[in-house]
Amino acid sequence: MSNETAFEAFLNQHYEEAWAAGLAVLLRSILEVDRNATQIWFAFYPLSLFCALKEAGDRDQLVQQLLLQGDYELKDQIDTSHRFLYGHRFWPQVKRAVEEHAKEWHGLQSMSSERSQAKTYAASLPDQILAIARAAARETKVGESILVGITAVAFMTVQQVGLAAFKAAPGKTNIDKNYARKSPDQILRQRAKDDSQGLLGFLKTVNKQFTVTHDENDDRAKYKLNEGQGLAWGAAEDRSRDWVAIDPRRMEGPIPVECRSASCGTCWVGVLGGAERLSDVGVREGKKIKEFGYIDSGEPKPLIRLACQALAQGAVSVVIPPWNGQFGKYLKSLKQNQPEHVSPIRDAPSDAPREETLN
């Protein structure tokens, strides 16, 4: 007998295609500071991979087959997986709002006397996310658009880990108070800032150096690399910490790497800021990144890159996923052999929130 709640049943009707459509609707309502971060988070924790592992006859064997390394279990990172989102600052309030939504979902859905509220609970996935973000915004007294991305993350987290595990997590933020005080505009300005090359830097044709930030909530999480150098190559020269002790995959600096030829997929990163300052995706990187399953995009400068192939032409801010693998071909084969699951996604309401900043 299933212990699935009504809210979980609703979420489990939504497959990868439905979530992709829902995110496309929600992006217009997400504040700029979290627009890239939200898309990166959903690339880091793909629903299709979670479902494949869940439905596998021999899960351990599949993990080995897909060469999964690191911490790929979202259930072990409920409060921390989204630390790189600005909305993480309001995780406790968003988490409570989602839990309350789940608690009332079934009852309000069936109460004809509460038609206006019941309509909210019977609404589409994007509409429900917007409604919960709006409720959390009233409690936190911040702009609603700041919370849309983190609310979408909360919904997907419930779908993958289950409501019981979601509720059992402490619901705490994981950034220092000094960073929590930064405004969205401050963070965007920092991402937009490029390295000065000195008074006559505009005359420089060689020896230009740029900064790569790999954790925006840590002033020490930066390293320098030369113009035209791959992100992974520059990281290998960073000896500021015992990286292997932090993560066994980090054998050469903060970015995990096992090769230099886009063959292992270990060095994938999300680009929070400065994507335009990286080289275009080459033929090999484009082919391999799809095979690994990280993205399926023909964009020349996407938000997911292989650090050994992405060459720096300016300062960049990236986020490093806690795991890696090679699962693209496997998931594609499953999709070809199964009927396509698509849940309908309506367009966002005409009164979808505009971008706002903190009060």
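1. The model is predicted: local features need pLDDT of at least 70, side-chain atom pairs count only at pLDDT 80 or more, and totals for chains, interfaces and linings use all residues. Residues are numbered from 1 along each chain as its sequence is written, and side-chain values use heavy atoms, with hydrogens and water left out.

2. Zero disulfides turn up in a search of the whole structure, a disulfide being a pair of cysteine sulfur atoms within 2.5 Å. Cys264 is in none; its nearest cysteine sulfur belongs to Cys259, 3.3 Å away. Cys267 is likewise in no disulfide, and the sulfur of Cys308, the nearest to it, is 3.8 Å away.

3. Cys264 is buried, at 12% relative accessible area, and Cys267 is buried at 2%. Buried means under 20% relative accessible area, exposed over 50%, and partly exposed in between (1.4 Å probe, protein chains only).

4. His88 sits in the loop between strand E1 (69-70) and helix H6 (91-110). Helices (H or I, at least four residues) and strands (E, at least two) are DSSP runs, numbered from the N terminus. The relative accessible area of His88 is 0%.

5. Beyond four places in sequence, the contacts of His88 (heavy atoms within 4.5 Å) include Ile150, Lys172, Thr173, Asn174 and Ile175.

6. Helix H4 (residues 47-55) has Leu47, Ser48, Leu49, Ala52 and Leu53 buried. Among the elements covering these residues are helix H2 (16-26), helix H9 (144-161) and strand E7 (323-324).
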